[in-house]
Amino acid sequence: MLGFKGLLTHVIRKIHERRLGKHDHTTGSSCPSPPLSSIHRSLPAWARDRRLPRPATSGLLPIFLVSLILSNLLTPSPSLYSPHHSSLYTPPPQPTAGPHITTSIIVPTFHEHDNIASLVQTTYSALPSLLAKETEFVFVDDDSQDGTEEEVERLRREGFLNLELLVRARGGGESGLSSAVIRGFERARGTRLVVMDADLQHPPSAIPQLLDALEESKSPMALGTRYGEGVAMDRNWPLYRRVISWGARMLARPLTTASDPMTGFFAVKKDAFEASAPLSPMGFKIALELLLSIPKASNPPEVPYAFGVRTQGASKLGAKVIIKYVMQLVHLYRRALGILWHILVAGGITGAVWAAKKGLGLRRRGLGGRLTGQRRGGGLLPLYRNESKMR
Ligand SMILES: Nc1nc2c(ncn2[C@@H]2O[C@H](COP(=O)(O)OP(=O)(O)OP(=O)(O)O)[C@@H](O)[C@H]2O)c(=O)[nH]1
Ligand SMILES: [Mg+2]
């Protein structure tokens, strides 16, 4: 079976033979075929031009421009939180008796009933006694309805007086880890804010180091890092989690020099948070958002800590969290790069189209060659060459 190019060659050859009168009418056989170059020369100029393959780059400029416009129009604009304008909560008054609260530990919770008591007890016993007296917990729960409220009340009765609980009602229009942390910041009485998970994956014994790093460095933020020197990841942390964590870090690499911008264990000064640029509190990665939004926070001191595995309750890290992280990155890159972000997106799409066109072209040529019994890469010219060999 002839391929399209084989058929075209055949038609061109027949036309050429007619024009040159080389058909032997007595035998019905054709004279030897002329070389392709002479056929090409005998074609009218428009046909010669038409036979030239279109370069793979043709039509790319409109694709680039359309992609540029679409990137501008379609990149989602997250609703932004501005500490100056969007506050919902204010801190309760300082305790009338005893030391003032200087440090607030913000803990977002969702179905963490089983972890609350051990977190509170372990933390208060890990802090030096003065610091313990000046420290409060602010739990921000998304209406878990698993007994978290009763558990906090029980701990208060046991003597842990500085426990605040903020419950955000279901259907109240706001939920999620990052916004929980931000609402906790608003509610906090301390001037130093520590963020940690409820499940004891972040060691309470590292809180004083984190606060020291914050004070000594004069930086508005200090980060706990799972990737510091001499720190080993818990051996039971599953491989897929390591891969996700590694990928997430690599994607954020161009944005920050921090070794673990995905960490959920960090400290920030309250006045620095209040001076932050507008935030997009989506997903889990509020530390990264703050790093890029708080003035002078981009190069924070880091405190290595050993990241444990959750022993109680269920993980909330799922596909939805990963998708939100990618959306957050899009927003952060766009903010960091401005128009250059859209140029890169449009360039990427155009490059992909060019590669697809080129790949398709190569495949077609290869297929045409095979259909006409040619080697890969053969076109019109090799067909004639082979024929002349056969003669
Ligand atoms: N308020 C609130 N807290 C949340 C939400 N999702 C997660 N959290 C809390 O945020 C913290 C981190 O969530 P985890 O599920 O522990 O996430 P992770 O540490 O990455 O995953 P694991 O290693 O499996 O524990 C925990 O204290 C959760 O209870 C949420 O939607 N709302
Ligand atoms: Mg956890």
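Reader: What is the handedness of the crossing of H5 and H7?

Author: Right-handed. Bear in mind that this is a predicted model.

Reader: How do you know how H5 and H7 run relative to each other, parallel or antiparallel?

Author: Look at the angle. The axes of H5 (residues 113-126) and H7 (residues 148-158) cross at roughly 20° and come within 9 Å. Angles under 35 degrees count as roughly parallel, so H5 is roughly parallel to H7.

Reader: Which residues in H5 and H7 meet?

Author: From H5 you have His113, Ile116, Ala117 and Val120, and they meet Thr148, Glu151, Val152 and Leu155 in H7. What counts as contact here is C-beta atoms within 7 Å.

Reader: What makes up that contact, in terms of nonpolar, polar and charged residues?

Author: Five residues of the H5 contact with H7 are nonpolar, two are polar and one is charged.

Reader: Where is the "transmembrane region", and how much of the span is helix?

Author: The unreviewed UniProt entry puts that annotation on residues 336-356. In the model, the span is 95% helix and 0% strand, with its end C-alpha atoms 30 Å apart.

Reader: And ligand 1: how many residues surround it, and which are the closest?

Author: There are 20 residues around ligand 1, with Pro108, Ala180, Ala198, Ser315 and Lys316 the closest. Strand S1 (103-109), strand S2 (135-141) and helix H8 (177-187) each supply at least two residues of that shell.

Reader: How do the residues of the shell around ligand 1 divide?

Author: Seven are nonpolar, six polar and seven charged.

Technical notes: Residues numbered from 1 in each chain as written. Chains lettered and ligands numbered in written order. Predicted model: local features only at pLDDT ≥ 70, side-chain atom pairs only at ≥ 80, totals over all residues. Axes fitted to C-alpha atoms, helices over the stretch in contact; angles between N-to-C directions. Helix = DSSP H or I, 4+ residues; strand = E, 2+ residues; numbered from the N terminus. Parallel < 35°, antiparallel > 145°, perpendicular 65-115°, else oblique. Left-handed = near helix turned anticlockwise from the far one by under 90°. Contact = placed C-beta atoms within 7 Å. Nonpolar A, V, L, I, M, F, W, Y, C, P; charged D, E, K, R; others polar. UniProt positions renumbered as here; feature names shortened; annotations may be inferred. Near = placed C-beta within 6 Å.
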